[in-house]
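Please read the points below with the sequence and the 3D view open side by side, and look up each place as it is named.

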Amino acid sequence: MVESSPQRQETDSMGVRSLPAEAYYGIQTLRALENFPISGLRPLAAYVDACVLIKKAAAMVNGDLGCIPADLSQAIVQAADEILNGALRDQFVVDVYQAGAGTSHHMNVNEVLANRALELLGDQKGNYQRLNPNDHVNYGQSTNDVIPTAIRIGGLLALERTLFPALADAIATLDRNAEGFQAVVRSGRTHLQDAVPVRLGDTFRAWAQILSEHLIRIETASGDLTLLGLGGSAAGTGLNTHPHYRQRVVARLAEFIDQPLRPAPHLMAAMQSMAPFVAVSGALRNLAQDCVKISHDLRLLDSGPKTGLKEIQLPPVQPGSSIMPGKYNPVMAEMTSMVCFQVMGYDSAIALAAQAGQLELNVMMPLIAYNLIHSIELLGNTLAALNHRCLQGIQADRERCLAYAEGSLALVTALNPHIGYLNAAAIAKESLETGKSLRQLVLERGLMSAEDLAQVLDLDTMSQLPGDT
C-alpha cells in the first residue's frame with residue numbers, strides 16, 4: 001500500500017479543499033491546476049520576477065503607510081527577495097492558458113508569498129487568519145492593475161537581460177566583419193540575377209545598419225512600457241488604495257529595476273489598452289522579418305560547396321546529414337528563420353488578443369504576457385547563438401567573390417554612359433552567347449579605347465559607395 005503524502009486543508013469562497021502540505025501555492029492555485037491542464041507551459045521567469053517585484057514594492061509601501069502591519073510587510077518582502085534570488089520557482093505552476101486577465105497566476109503569486117511569509121513568521125502554511133494572500137499580499141491591488149503592470153515590467157526586464165545585449169553584440173560583430181571584408185569585391189545580385197559589383201564588407205555593414213535601426217525602434221516602442229497603471233486597482237479608480245500608494249509604489253519599482261517608471265496619466269486607459277504591448281510586439285516582428293532576410297542571405301552566400309555560390313564559409317558546427325558524409329549545413333541561420341517565424345506568429349496572436357477586451361478590462365492578458373516576453377527572449381537567445389556560433393567565424397572566399405564579380409554581365413551597366421544603352425545591351429547578349437568577355441567585345445567593335453575601358457570597368461571604383469575614398 002502506497003502511503004499518501006501529508007495534506008493540509010484550505011478554504012476559499014467556494015469551499016474547502018485538500019492540497020499537499022509541502023506546497024507553497026494554495027487553494028485557488030489548486031483549482032487553476034484542475035481547470036487548466038492545457039499546454040504544460042508555465043510562467044516565464046521574467047514574468048514571475050515582474051509579479052514578485054510588484055508584490056515586494058506594494059508590501060513595502062503599504063507597510064510604510066500603515067495599511068498592513070509592519071511585521072507582515074517585512075515577511076512578505078523577505079519572501080519576495082528569496083524568490084527573486086531563485087527560491088520556490090517550482091511553485092509557480094498555473095498554465096499559460098488560464099483564467100481571463102491572469103487571475104489564476106496572480107493568486108498563485110499571492111499564495112506562494114503568503115505561505116512563505118507565514119513560515120518566516122514561525123507560523124504554518126495556510127494560516128491565512130494571520131497573513132492572507134488577498135488581504136495582505138494583495139492589499140490595494142487587483143489582477144486588473146497588477147497584470148498589465150507585470151507585462152510592462154517583464155517586458156523591460158527581458159529586453160535588458162536578453163535582447164538588447166544580444167542585438168548590440170551582433171551589430172558589433174557585423175561591423176568587425178565589414179572592416180575585415182571591405183577589400184573583397186563580389187557580384188551584387190538583384191532578383192537573384194547578376195547585378196553590379198559591391199563590397200562584401202558593405203554587405204555586412206548594411207546588415208549591421210539594419211539591426212542598429214531595429215534596436216532604436218524597439219527602444220522607442222519600449223518607452224511606453226514605463227508608464228504604469230499600478231494603483232488603479234479593480235477598474236482604474238484606485239478603490240481601496242491609500243492616496244499616496246500610487247506614486248510611492250511606482251517609485252519603488254523604478255528603483256528596483258533602474259528604469260524611469262512613471263504613473264500612467266490615466267489609470268483606466270492603462271488598464272484597458274494593450275497598445276504598448278502591440279507596439280513592442282510589432283517592433284519585434286519587424287526585427288524578425290529582417291533577421292529572416294539576413295539568415296537567408298547567409299545561406300545563399302554559403303551555398304555549395306561545389307554547386308552553389310560559396311562566397312563565404314559559415315562555421316560548420318555539426319554534421320549536416322544522416323546519410324551524406326562530409327555535409328555541413330547552415331544550421332544556425334536555419335534556426336534563426338524558424339524562431340523568427342514563431343515570433344511573427346506570436347505577434348499576430350497579440351494583435352488579436354489586444355482588440356478582444358471589453359469595457360474596463362482586457363481579459364486576454366495572459367496570452368499577451370507570454371507571447372510578448374517569450375518573443376523578446378527568443379530573439380535575444382537566437383541572436384546571441386547566431387552571433388557566437390555563426391557570425392563571429394565567417395570567412396570569405398576572396399578568389400571566388402572576385403571571379404563572380406569579374407564574370408558578371410551586369411558590368412555592362414557601367415558602359416551605358418559611354419556607348420549607350422542599346423550598344424551595351426547588344427554587347428551583353430553577344431557575351432552571353434559567345435562566351436567572349438565584355439572587354440574583348442567592346443574593343444573588337446572599337447567602341448572605346450583600352451585605356452578608357454580599363455578605367456570604366458575598374459571593380460574597385462565601381463563597388464565604392466558614395467562618400468567612400
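Predicted model: local features only at pLDDT ≥ 70, side-chain atom pairs only at ≥ 80, totals over all residues.

1. Proline 305 has its place in the loop between α10 (275-302) and β7 (312-313).

2. Leucine 192 is not a glycine, and yet its phi is positive, at about 60°. This leucine 192 sits in the loop that lies between β3 (185-190) and β4 (193-199). Is leucine 192 buried or exposed? Because a residue counts as exposed when its relative accessible area is over 50%, leucine 192, with a relative accessibility of 64%, belongs to the exposed residues.

3. Aspartate 258 counts as exposed because its relative accessibility is 70%.

4. The helix α8 can be checked by its length: at 1.5 Å a residue its 13 residues should span 18 Å, and its end C-alpha atoms are 18 Å apart, which agrees. The buried residues in α8 are Tyr245, Val249, Val250, Leu253, Ala254 and Ile257. Seen down the axis of α8, these buried residues fall within an arc of 160°, so they line one face of the helix. An α-helix has 3.6 residues a turn, so residues three or four places apart point the same way. The face of α8 turned away from the buried side carries the exposed residues Gln247 and Glu255, whereas the cover over the buried residues includes α2 (45-64), α6 (143-180), β5 (227-228) and β6.

5. How many residues line the largest pocket, and which of them are the closest to its centre? The volume of the largest pocket is about 410 Å³, and of the 19 residues that line it, Arg186, Arg189, Lys293, Asp297 and Leu301 are the closest to the centre. At least two lining residues are supplied by each of β3, β4, α7 (200-222) and α10, with the largest share, five residues, coming from α7. By class, the lining of the largest pocket divides into 10 nonpolar, four polar and five charged residues.

6. The second largest pocket has a volume of about 360 Å³. It is lined by 22 residues, and Asp302, Lys310, Tyr328, Asn329 and Pro330 are the closest to its centre. The elements that give two or more residues to this lining are α10 and α11 (331-354), and the lining as a whole has 12 nonpolar, five polar and five charged residues.

7. The count of cavities of 30 Å³ or more comes to three. The largest cavity holds about 90 Å³ of space, and the residues that line it include Pro43, Tyr47, Asp95, His105 and Tyr370. Helix α12 (residues 365-389) gives the most to that lining, with three residues.

8. The second largest cavity holds about 60 Å³ of space, and α10 gives the most to its lining, with four residues. Among the residues that line this second largest cavity are Leu174, Cys291, Ser295, Thr336 and Leu391; by class the lining has eight nonpolar, two polar and no charged residues.

Notes. Residues numbered from 1 in each chain as written. Heavy atoms only, no water. Buried < 20%, exposed > 50% of the residue type's maximum accessible area, 1.4 Å probe, protein only. Expected span 1.5 Å × (residues − 1). Arc of directions from axis to C-beta. Contact = heavy atoms within 4.5 Å. 1 Å grid on protein atoms, 1.4 Å probe; cavity = no way out; pocket = protein on both sides within 12 Å on 5 of 7 lines; lining within 4 Å. Points joined across faces, edges and corners; volume = space filled by probe spheres on them. Nonpolar A, V, L, I, M, F, W, Y, C, P; charged D, E, K, R; others polar.
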